[in-house]
Amino acid sequence: MKNREQRDLFPGALEMMILRTLKRQPLHGYALAQHIKRTSNDLLQIEEGSLYPALQRLLKEQLVKAEWGISSTNRRVRTYKLTAKGAKHLAHEVSRFEKMLDGITRVLAPGES
Amino acid sequence: MMWLKRLFSRRRLYGELSEEIREHLEEKIEELVAGGMSREEAAYAARREFGSVTLTEEDSRTVWRWPRVENMIEDVRYGLRVLRKSPAFTAVAVLTLALGIGANTAIFSVVNAVLFQPLPFRDPGRLMVVWHTPPQKSFPGVTKFVVSPANYLDWRDQNHVFEQMSAVGFGKFNLTGMGQPESVEGRAVSADFFSLLGVQPVLGRGFLEEEDQPGHGNVAVISHEFWQTHFAGSRDVLGKQIKLDDKSYEVVGVAPAKFDFPYQAKLWVPLAWTEKKKAVRGNHGYIVIARLKPEIDMRKAQSEMDTISARLAQQYSADDAGWGAVVLRLNQQMFQQVGPALLVLFGAVGFVLLIACTNVANLTLAKALGRRKEIAVRTALGASRGRIVGLVLTETVLISVVGGALALLLAHFVIEAIAEFIGPQLPIAVQIGLDGWVLGFTLAISILTGFIAGLGPSWHLTKANLNESLKQGLGKTDADSSGGRARSVFVAAEVAVSLVLLIGAGLMIRTLYLLRNANSGMDARNVLTVTLGISSEKYATVTQQNGFFNHVLEQVRALPGVEVASAVDSLPLQGGSTQPVAVEGQPVVPMADQPEVAVRLIAPGYLRVMRIPLKQGRDITEADNANARPVILVSESFARRFWPNENPIGKHVKLTFLPGEASEVVGVVGDVRLNGLSVTEPVQSVYHVMAQNPETTFMRLAVRTGLPPANLISAVTEAIHRVDADEPVVDVQTMEAVVDDSIAQNRLNMILLSAFAGLALLLASIGIYGVQAYAVRQRTREVGIRVAMGAQPADVFRLIIAQGLRLATTGIVIGLAASFGLTRLMASQLYGLSATDPWTFIGVSIVLLTVALAACFIPARRATRIDPLVALRYE
């Protein structure tokens, strides 16, 4: 649909946030969604559903792996875990992102021209 | 193997995904309920925050697929279903495209065979034809000329740019001793002819160097076809003797199948020139082919030939002054004769396809507008714009691929007809048919056509406003004017393109009519012609030769029904000998500077057979024989040129190639179109007398009769055989058939172009009808209101007709403008009228306008019958 691009901030941002969250602890889909929303102070209005295609992509790339299990609330859930490859990818993406952010910040910084 | 495993585990994967999403929603709902919401509210909120479940699932699955391929397969399946459900639409669309694509396939197969296929020789890109360029003073407008033996030999020996250079002489041999005597196309070639082309005989060998010497040249290579027809393909043909022009030739080789270069050769013999023949410089008659050395390009070769020509012109100024040379690619020669016409036709079929394409686009748009709701629903459910476009495109591409398959069937028949006609005009046999290239072309244009036809409608659909579409009923209101506008543009374009084609066809039809009725200077009706060729072996002296021809003429003149019988060396319209002449009263100059005129050899009575008017003086008679002083007839244009203010009778003309004294002009005759009906410039010509010619071995017998000429064929054949039973009777043709043959290419062009134009007209009128019918449906309510307000049926009729008229006129105006630019390209195909002939332009426009109005008639009538009550209840 039309506004999908707006949701995604920039390509790969959602994936990066998922990887970063999973680095701290393995989570299942719903918890992952809640966590991202909460930590971003609800600044990022992501549709929860958009998480799943992103997760499928990460699964396919073998950056995360998934296992069915029982949650603390006694539900059958699929828990996602960062793989070694995923950790490496995350580190790489974060450093790339920081460089980009640094660049943007410099350009946007006032009074230096 | 990863992808295979994935393919099989997909179902499980998708199941897991659905479960996961379900659990996700459940968890959310539970949490919200725990927070105090009602279950119903919670379910709603959870869904809203989640977004579209269907889309999420679809997107997630997409990750695991090859989405493009799988979407396509899905679209194809859906498209097939849709097409099956609307058979009428499908049939019309498929047929329309089949005609359009079929026409293109047929013409392309010819273009492909003639233009794109390399010649079947070794390294054909290096094969050249070297022509003389004659002095413009003597041969105005002639850019290529055959070569004389001495010049060929000098070219061959002096150049450093060609590996090999071979001369080819044309002729017909009388073949005797193998059943019925017959005349076969033979080529005299230098010894390296086959090795130069890189053609290996399938049996035996080519010619040896020593066989190219006088006295040793009685060997022949026969064509594969000749081998089959005359020796039943027997392998012991080598060493067999065949009798050509009463000389024995030993068969030493059989050429590969399909090899008949140049121009339907049946057999080849060595040139074996005598020393006398080798010294001939001023009489031209051979085609020269050559193979470039590997490191030499054409420009280098050309400059070398220029140098040699300049040297020869200086050295032999009497014969060679002003004669240059031009190096051309052999494969360009292929194209030369049929090329321009072929390109006109290729353009025409392109236009037909364009119209077919537009019609299908129109049909598809009409159908798609009816499906707006379905598409709106798909969009609402999350189908991307790409998917919708894909859906429409798949449908049109499916139609056009099916149409393409049908087109191959249609093309198959057309190709056969064209191939049969075009074959003799090409220097080598080409395979015109549905080969891999043609199939590829057909597939490619089918797909392309489908895309083009689908692009307009799908663009239009995706642009449509989603909410509007959903709100609407079933597209029956008059709200959608933009679809109508798009269709109107299509139709105006169709009319314009049809007009261009129709004008092209109109010009060709007029050309043919004008040619057929052109005053050729003679009367072709009731004349039968037969070719008589004799060998100088059997009829060694001129007395014997003339004895033969006179004897035949006597026999034929005695036949019942024969009015006059005579003979000529080349029939009118078919070209013939051009020779330098020395004319009384003109300055004496070397041969190279002498004027060139057409020279015909005739027997007494020829003027009466062809009904060529005698303008002044007398005709030749039997009394003008070998013992009398030589006489000659000249044409009016000849007399006008050389003796503008004097009486030509009694003047003298010397034919430079003939020995003896100058001939006295005894008569002036009308000009005849000797070189074809379309050559309107009068051909300055002279007629000299067979009885006074030093050697005559080839004449065309011409018989004027009161009966239908075909009735005479067997009697004439018997008469000839009474004189010589071994004489082949060939080229038996009425003079009218000779006339028809001379314009056969024009006729084929005319027929094809008219057929294509007719097709275009048909398609365009269907297009106009379709748009008007649709417009009437769309304007039902409007018309209903008008009628309710008091409009009369005549007003309604006018309303609809006026709309159609506007479209047609717009199309015609655009078409006329385009025609002004485009018909120029076919100017070389026209005769007697300009490429912008106003009568054709106006006439064709009126025809098209009439057809367009007729196409509007039915929808307009339907509009007058609209019942306002029904119309206003419509929604």
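**The sheet of chain A and its surroundings**

Modeller: In chain A, three strands form an open sheet in the order β1-β3-β2, with antiparallel pairing; strands here are DSSP runs of E with at least two residues, helices are runs of H or I with at least four residues, and both are numbered from the N terminus. Two strands are said to pair if DSSP finds at least two bridges between them. In general, the strands of a sheet pair through backbone hydrogen bonds, either parallel or antiparallel. Before going further, please keep in mind that this is a predicted model, in which local features need pLDDT of at least 70, side-chain atom pairs count only at pLDDT 80 or more, and totals for chains, interfaces and linings use all residues. Residues are numbered from 1 along each chain as its sequence is written, while chains are lettered from A and ligands numbered from 1 in the order in which they are written.

The edges of this sheet are β1 (27-28) and β2 (64-70) of chain A, and each has a single partner strand, so one side of each is left without a neighbour in the sheet. β1(A) and β3(A) run antiparallel and are joined by two bridges, and A:His28 stands opposite A:Thr79 in β3(A). Helix α2 (residues 13-24) of chain A packs on the sheet and touches β1, β2 and β3 of chain A, where a contact between two residues means that their C-beta atoms, placed from the backbone, lie within 7 Å. The direction of α2(A) makes about 95 degrees with that of β3(A); axes are lines fitted to C-alpha atoms, for helices over the stretch in contact, and angles run from 0 to 180 degrees between N-to-C directions.

In total, 16 residues of chain A are in contact with 19 residues of chain B. On the side of chain A that touches chain B, the elements that give two or more residues are α3 (29-39), α4 (51-60) and β3 (76-82) of chain A, and α4(A) gives the most, with five residues. The residues of that side divide into five nonpolar, four polar and seven charged, where Ala, Val, Leu, Ile, Met, Phe, Trp, Tyr, Cys and Pro count as nonpolar, Asp, Glu, Lys and Arg as charged, and the others, Gly among them, as polar.

Chain B itself has 28 helices and 21 strands, and buried residues make up 43% of its 875 residues; a residue is buried if 20 or more other C-beta atoms lie within 10 Å of its own, exposed if 12 or fewer, and partly exposed in between, with C-beta atoms placed from the backbone.

Chain B also has antiparallel strands. Strand β17 (residues 652-655) of chain B pairs in the antiparallel sense with strand β13 (residues 578-583) of chain B over three bridges, and B:Ala582 stands opposite B:Lys654 in β17(B). Strand β18 (residues 663-669) of chain B also runs antiparallel to β17(B), and two bridges join them, with B:Val653 opposite B:Ser663 in β18(B). β17(B) has a covered face, made of B:Val653 and B:Leu655, and an uncovered one, made of B:His652 and B:Lys654.
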